[in-house]
Amino acid sequence: MRAMTQDSQQLDSMGSAGSLALPAHRTPRRPALNRELLTRVLLGAADLVSAALALLLAVQVLGDDRLNGVALAVVPTVLLISKAAGLYDRDEPLLRRATLDEAGALFRVATFYTFVIWLLQDFFIFGMGAFGSDQLLTLWVLLFGGILAARAVARRLARALAPEERCLLLGADSAARSVERKLAECRSANARLVAQIPFWDRHPDQPGEVQAAWQEALPMLVEEHAIDRVILAPSRTDGEYVVDAISSIKAMGVKVSVLPRLLEVVGWSVELDELDGVTLLAVHRYGLSRSSRALKRGVDLVGSALGLIFLAPLFAAVALAITLDTKGPVFFRQRRMGRDDEHFEMLKFRTMVEGAHLMRADLEPQNESEGLFKIADDPRITRVGRLLRRSSLDELPQLWNVLRGEMSLVGPRPLVIEEDALVEGWRRGRLLVRPGMTGLWQIYGSARIPLQEMVKIDYLYGANWSLWLDAKVLLRTVPFVLSRRGL
């Protein structure tokens, strides 16, 4: 981050900035406007195409009815419904723009649009009879599925065509390094960190004193680096100045994102509570309630049982391949830390040569992960084992652990005992939830995340659990595995 280093050096020679004079309010730069306009146009086109195709298929292809010209005026109502739901304004303040996160809103859009079609069917549908309930259901399913897929394609196209967002971080160097890495790894974000300045800097005339150097440097750096967004990463002592910083940045016509330390513990599962004009954040209890645990366990039982039944032929084929490739057992068993500090034996298909654990000490200098043992080209991995790992098929025997109640389909990463000993403090709260075959740690890039950051992600999973969160993780695991990003 050369630009960030140069900017920090420039701040060393600045005098006291004094109070901040807010610039006149300005509109965003043209590249930012073009980026948001392109995204809105593509999303609108995706909605229109999905609505038209769903209606055409439900009426004329799957039924005996026909559409007349009035349908051309009815289809665009999907734009009004989506606009009313805020689906064209949602992306603007966000760095990470994921279609799956708006599935709940799209569910409502599909439902309301189907209701509108049902109400107005006499005006634009003619044929053998009334628009049937089976056609209505087909219309809803096609629209909901089609609009999800079309919006995902639209956002991918927007990221490919639009210039990336140029970001500046106002905060510590450590926060800048973390944000820079996250932006580089996140496929749903089209942004890059190009500069960084601290909230505070050394006073050039008074050794030992500090000054709010950002107040004078920020407008200059926003212009010099063509900044689209400023990310605030305040420390415990910077809170008093965050409001000033946000006001100043918004007055420049630049987007603002805040990286609050509070979310490291409470996550995003909070509710706004108003107390006679005073806004409070109501934090949900940590972990799962009894009913939530029962619901999650029911899903695990059904999912693991069906998986073991339908994947039995695949299990047999993999077992045969392992046996023919190298000597040794088909399954690999390893003690892991489970819920409530209870140990269990986790199952995997064997992917390494027999006695691989005895070779670990010699390979320790090649370890590529912090806190975990990861080597990209591990010489202990067999030929079949490499294929199993690249396809994540080696994880499938954990369905038996799920069925037994030792694991869940989705949950925190099951750590080996030695790794778990490195987890301390509030992060150990992650053990209140059963470990999972997949989880947030998996879809965020398990092999690249340091141990302490990964267990923080696991803790946040327990703080924000919902059945929909599990569904999203499972859906996102599929493209993650297919893209082989877990290696």
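So, the largest cavity: we're looking at about 120 Å³ of space in there. Keep in mind that this is a predicted model. In total, the structure holds 2 cavities of 30 Å³ or more.

Who lines the largest one? There are 13 lining residues, and R35, T39, R97, R159 and N190 are the ones nearest its centre. Helix 2, that's 30-61, and helix 6, 133-161, are the elements that each give two or more residues to that lining. Helix 6 has the largest share, with 3 residues. What's the make-up by class? For the lining of the largest cavity, we get 6 charged, 4 nonpolar and 3 polar residues.

Okay, on to the second largest cavity, with a volume of about 30 Å³. Its lining is M337, P412, R413, P414, R430, L431, V433, R434 and P435. By class, that lining is 6 nonpolar and 3 charged, with no polar residues.

Now back to helix 6, and its partner, helix 5. The axes of helix 5, residues 103-124, and helix 6 come within 9 Å of each other, crossing at roughly 140°. That angle is why we call helix 5 oblique to helix 6. As for the hand, the crossing of these two helices is right-handed.

So which residues make the contact? On the helix 5 side, you've got A103, L106, F107, A110, T111, Y113, T114, I117 and W118. Helix 6 answers with L136, L139, W140, L143, F144, I147, L148 and R151. Sort the contact of helix 5 with helix 6 by class and you find 14 nonpolar, 2 polar and 1 charged.

Key:
Residues numbered from 1 in each chain as written. Predicted model: local features only at pLDDT ≥ 70, side-chain atom pairs only at ≥ 80, totals over all residues. Heavy atoms only, no water. 1 Å grid on protein atoms, 1.4 Å probe; cavity = no way out; pocket = protein on both sides within 12 Å on 5 of 7 lines; lining within 4 Å. Points joined across faces, edges and corners; volume = space filled by probe spheres on them. Helix = DSSP H or I, 4+ residues; strand = E, 2+ residues; numbered from the N terminus. Nonpolar A, V, L, I, M, F, W, Y, C, P; charged D, E, K, R; others polar. Axes fitted to C-alpha atoms, helices over the stretch in contact; angles between N-to-C directions. Parallel < 35°, antiparallel > 145°, perpendicular 65-115°, else oblique. Left-handed = near helix turned anticlockwise from the far one by under 90°. Contact = heavy atoms within 4.5 Å.
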